[in-house]
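Colleague: I would like to learn how to read a model like this one. Could you take me through it, feature by feature?

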Amino acid sequence: MSSTDPTYDSCFYQWYYKKVPLEEAFPSAESEWKQRAHLDASRLRKSDPKGTWPERYTVLGELGRGGMGQVWLAYQDQLKRLVALKMILPGSDHGDQDRARFVREARAIASLEHPNIVKIHELDEWTPIDSETNEPFFSMEFLAGGTLKD
């Protein structure tokens, strides 16, 4: 299920981040939206990427991590939508080749167009705490539901 409905995204943001009661955040919403909100919230780990993100994003929590990367759920304030932000794992021992591979991954995914491939919105940089260099990240469509492992 794609999270492309700005109304759902705004309601979820109000409920999860702003702590508006569920019935107020989703006043006329179907029960499916409320169930979906609980499922989306249950996937998040309450943590925060340590560093300076572009102001256009409010990071809500960690969705998952792998050997080299981490994915966060964020709210894109200007467009009022939920997005997933993928970044290189902070503190990992990665160099220029890993950063280049990460950027190539984002560009390769962005060049593809298929209903079963997530859409990339942007490629940018952020500044982790205790780092003298910016690190790449990309924002992509947030797909609600389970993980690939599920």
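This is a predicted model: local features need pLDDT of at least 70, side-chain atom pairs count only at pLDDT 80 or more; totals for chains, interfaces and linings use all residues.

Colleague: What share of the residues count as buried?

Modeller: Buried means under 20% relative accessible area, exposed over 50%, and partly exposed in between (1.4 Å probe, protein chains only). By that rule, 43% of the 150 residues of the protein chain count as buried.

Colleague: How do I read a core?

Modeller: In soluble globular proteins, nonpolar side chains tend to be buried together. A nonpolar core is a set of buried Ala, Val, Leu, Ile, Met, Phe, Trp, Tyr and Cys residues joined through side-chain atoms within 4.5 Å. The largest one here has 27 residues, and those touching the most other members are Phe12, Trp15, Phe26, Leu60, Leu73 and Leu82. Elements giving it two or more residues include α1 (6-16), α3 (31-42), β3 (69-76) and α4 (96-110). The largest share, six residues, comes from α1.

Colleague: Which residues does Phe12 touch?

Modeller: Contact means heavy atoms within 4.5 Å. Not counting residues up to four places away in sequence, Phe12 touches Tyr17, Phe26, Ala37, Asp40, Ala41, Leu60, Leu73 and Leu82. Another core, of 10 residues, lies apart from the largest one, and its members include Tyr57, Trp72, Ala74 and Phe137.

Colleague: Now the strands. Which way do β2 and β3 run?

Modeller: Two strands pair if DSSP finds at least two bridges between them. β2 and β3 run antiparallel and are joined by seven bridges, with Gly61 having Leu73 as its bridge partner in β3. These two strands form a hairpin with three residues between them. On to the next pair: eight bridges join β3 to β4, again antiparallel, and Ala74 stands opposite Val83 in β4. β3 and β4 also form a hairpin, with four residues between them. Seven of the eight residues of β3 are buried, so this strand is largely enclosed by the rest of the structure.

Colleague: How do I find the sides of a helix?

Modeller: An α-helix has 3.6 residues a turn, so residues three or four places apart point the same way. In α3, the buried residues are Trp33, Lys34, Arg36, Ala37, Asp40 and Ala41. They cover an arc of only 160° around the axis (taken from the directions from the helix axis to the C-beta atoms), which puts them on the same side of α3. The face turned away from that buried side carries the exposed residues Ser31, Gln35 and Ser42.

Colleague: Last one: what should I look for in phi?

Modeller: Most residues other than glycine have a negative phi, and most peptide bonds are trans. Lys19 has a positive phi near 65° and lies in the loop between α1 and α2. Lys19 is exposed, with a relative accessible area of 56%. Lys80 has a positive phi too, near 55°, and is found in the loop between β3 and β4. Its relative accessible area of 45% makes Lys80 partly exposed.

Notes. Residues are numbered from 1 along each chain as its sequence is written. Side-chain values use heavy atoms; hydrogens and water are left out.
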